[in-house]
Amino acid sequence: MTDEARSENDAAYDSDVEAAIRENHPALVTYITAGDPSLEDTKAYVEALDRGGSDLIELGLPFSEPIAEGQTIQAAINRALAAGTTPDGFFELVEDLETEAPLLVMTYYNMILQYGSEADVRPFVERAAEAGLSGIIVPDLPAEESDPLREACDDNGLDLVFIIAPTTEGERLDSIMSQVSGFAYVQARLGTTGARANVSGATHDSLARLSEYDVPKAVGFGVSKGEHATEIVEAGADGVIVGSALIDIISSSETPGDAVDALEAKAAELKRGARRGADSLTVDPEERPEPEQP
Amino acid sequence: MSTERERDGEYESGRTGSFGDYGGQYVPEALMPALQELEDAYERYVLENEDGFLDEFRERMRDFGGRPTPLQRADRLSERYDREIYLKREDLLHGGAHKLNNALGQVLLAKYMGKERIIAETGAGQHGTATAMAAAHLDMPCEIYMGRTDVNRQRPNVYRMRMNGAEVNPVEAGSATLKEAINETMRDWATTVERTHYVIGSVVGPHPFPQMVRDFQAVIGEEIRDQIQEQAGRLPDSVVACAGGGSNTMGTFHAFVPDEAVDLYAVEAGGSSLEIDEDAGLAPNSATLSTGTDGVLHGAMTKLLQGGDGQIVESHSVSAGLDYAGVGPELSHLVETGRVTPTNVDDDAALNGFHRLSRLEGIIPALESSHALGYLEEEHDELGDLVVVNVSGRGDKDLETVLEETEKRELEAAPDVEVFDQ
């Protein structure tokens, strides 16, 4: 973020992504794939997630080889590509959106490299900043390869969010945590994205390992219900990230209108769940309210 | 096996294993520690022969694998082209292809690393077969991912993998070929990385795979170098190998890279056309080195078949083993710097190459290698007086495809295939 933008933004924090997490603690981060099933529908869905209580929204720019995604998001990406979603269409959608939640783009490195000219990250980052995005998440770009993108993001006021896996430990963990901007995306379990029935034990271990770092931590991979959000916030997360469960709603709704209503309700459920987790940390265990039934 | 790292040239630098602008490690964060662990193991066991790894590997390659493979003077081809043609017979390696060099090396390395499970992807099935054989030989459980299209067109190899005790998991996504199988294997690996080793089948993927696989395959070129000097008294004028991902290519070329007088030709699958149909997301070829552009796929910066927006297009070749939209980063670098000449021949030329070698020399080559033989037919005048062609594998697995494809076309070198229907 530029100094000028910072001063306009009243910022106690360096970035609006970090501010969105810290000021709305415990935060809800939602993800959907842009263009699934069309960019027009995505606009309505994002606005529904915003109304439902999302504090940050990740928009997937589809790439044909999504190696970090499970079947749900891969299917969404296939639908979006079949609908003809392009980077330019994506950026136009972002320009059209009016949300309170800052927006991040989640995509694979080749999409960033190929935008504008061959094998250069800058045109993508400049266009992302111009369109109003606040940050970038790249599932196949480890910290070791990220210098060119990080420099471009720094120059354009965008956060580059890094993923922390259950296998990230020791010096690598220190090094990555020192480079994180916005928040650390904590991967709850090994494997790919996808809604799961339970919160993984690896989540608790990861959050315990990260507790000494003063960086906002949001947990994703497998989160689908309000009670997951509660458990994750109780375990020490500053936010929860939900994607596949929202895609399931989109793909199973009979009409786009149904999906809009269900997405707004799901976001509200997840946000309430996260708040319960925060409340229970400050309340005597004996007096905790019963969990809300899904 | 090359232990002389100084021969690797100046282009390998840094811990990320870059070859000039190519290479690197572009993978999900969860896999980075595994790559670090693999890199350490590669350096200790493969480059420094810790615990006698290399000695055991060489012994098993000899006794189980059947190395060294012959370098055979091809008398009738020599006569046909009026020059000396030698064939490196990797088709005679156990399993019927060069793939065992790498599969046995990696499965043995996984054992030295204490891994409990082997996974691999396969296109034509030769790498899957070699991995299944190596895993059975070394008593490791093994699962192979293979695109549904390839399962259907390479049934003999599916049977062989299962005979050796491997699970074969068909992958239905996309065009259901090698690219999709790699995606699925990477997902399995990201889930089970702590106990599983992923035996990548070519000189592709994140560091250290391209370098390590090349080192396991480099024995091909090292043997050729010794054998040709012994048999012909000098180094060849040119060396020809087919290129899909590039493992037999790099294995054949590596020992010759410093020999500037030896021309190196990488023959890709020209398919039915070199044009890309971007709207349909299709390339009717797999000629990545000849026509691709720089980008990141499956863990490395390399040359790719892609559309302008960065979406990877579906490739095509009559040969399942060449049907891949990427290529090894080191090969991209060697092409970029002019050391390796990228070429290609179309499906028809490859099929003719298949029939010609079968008829003239009594060797039924893999459809992959048939591309190199097709190039020999078309461009022998450019190749000098002493030429080595790598026959990377045998063609038993391709017989059904060849019969079907031959029937569709009027091929000069083909036998009368109608007899097979009687």
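What volume does the second largest cavity have? The second largest cavity holds about 130 Å³; a cavity here is a set of points on a 1 Å grid over the protein atoms alone where a 1.4 Å probe fits but cannot get out, and its lining residues have an atom within 4 Å of a point. Grid points are joined across faces, edges and corners, and the volume is the space filled by probe spheres set on the points.

1. Basis. This is a predicted model, in which local features need pLDDT of at least 70, side-chain atom pairs count only at pLDDT 80 or more, and totals for chains, interfaces and linings use all residues. Residues are numbered from 1 along each chain as its sequence is written, chains are lettered from A in the order in which they are written, and side-chain values use heavy atoms, with hydrogens and water left out.

2. Second largest cavity. Its lining consists of 16 residues, with A:I73, A:Y185, A:T193, A:G243 and A:S244 closest to the centre. By class there are nine nonpolar, five polar and two charged residues; Ala, Val, Leu, Ile, Met, Phe, Trp, Tyr, Cys and Pro count as nonpolar, Asp, Glu, Lys and Arg as charged, and the others, Gly among them, as polar.

3. Largest cavity. The whole structure has 11 cavities of 30 Å³ or more, and the largest of them contains about 340 Å³ of space. Of its 31 lining residues, B:H98, B:K99, B:S247, B:G321 and B:E368 lie nearest the centre. Two or more lining residues come from each of β6 (117-122), α5 (126-137), α8 (178-192) and α11 (247-253) of chain B. α11(B) gives the most, three residues; helices (H or I, at least four residues) and strands (E, at least two) are DSSP runs, numbered from the N terminus. The lining has 10 nonpolar, 17 polar and four charged residues.

4. Domains of chain B. The assignment gives domain 1 (31-65 + 99-209) and domain 2 (71-95 + 218-408), with bounds from an automatic or database domain assignment. Their centres, taken over C-alpha atoms, are 22 Å apart. Each domain puts 31 residues into the contact, where contact means heavy atoms within 4.5 Å. The two domains bury about 2400 Å² between them, 56% of it on carbon and sulfur atoms; buried area is the accessible area (1.4 Å probe) lost when two parts are put together, summed over both.

5. Chain interface. Chain B gives 35 residues and chain A 36 residues to the contact. About 2900 Å² is buried between the chains, 53% of it on carbon and sulfur atoms. There are two salt bridges between them, including that of B:E29 with A:R172 (2.6 Å, N to O).

6. Largest pocket. A pocket is an open set of points with protein on both sides within 12 Å along at least five of seven lines. The largest has a volume of about 600 Å³. Among its 25 lining residues, A:S64, A:L81, B:G281, B:Q311 and B:I312 are closest to the centre. α4(A) gives the most to this lining, four residues. The lining has six nonpolar, 12 polar and seven charged residues.

Notes. A salt bridge is a side-chain nitrogen of Lys or Arg within 4 Å of a carboxyl oxygen of Asp or Glu.
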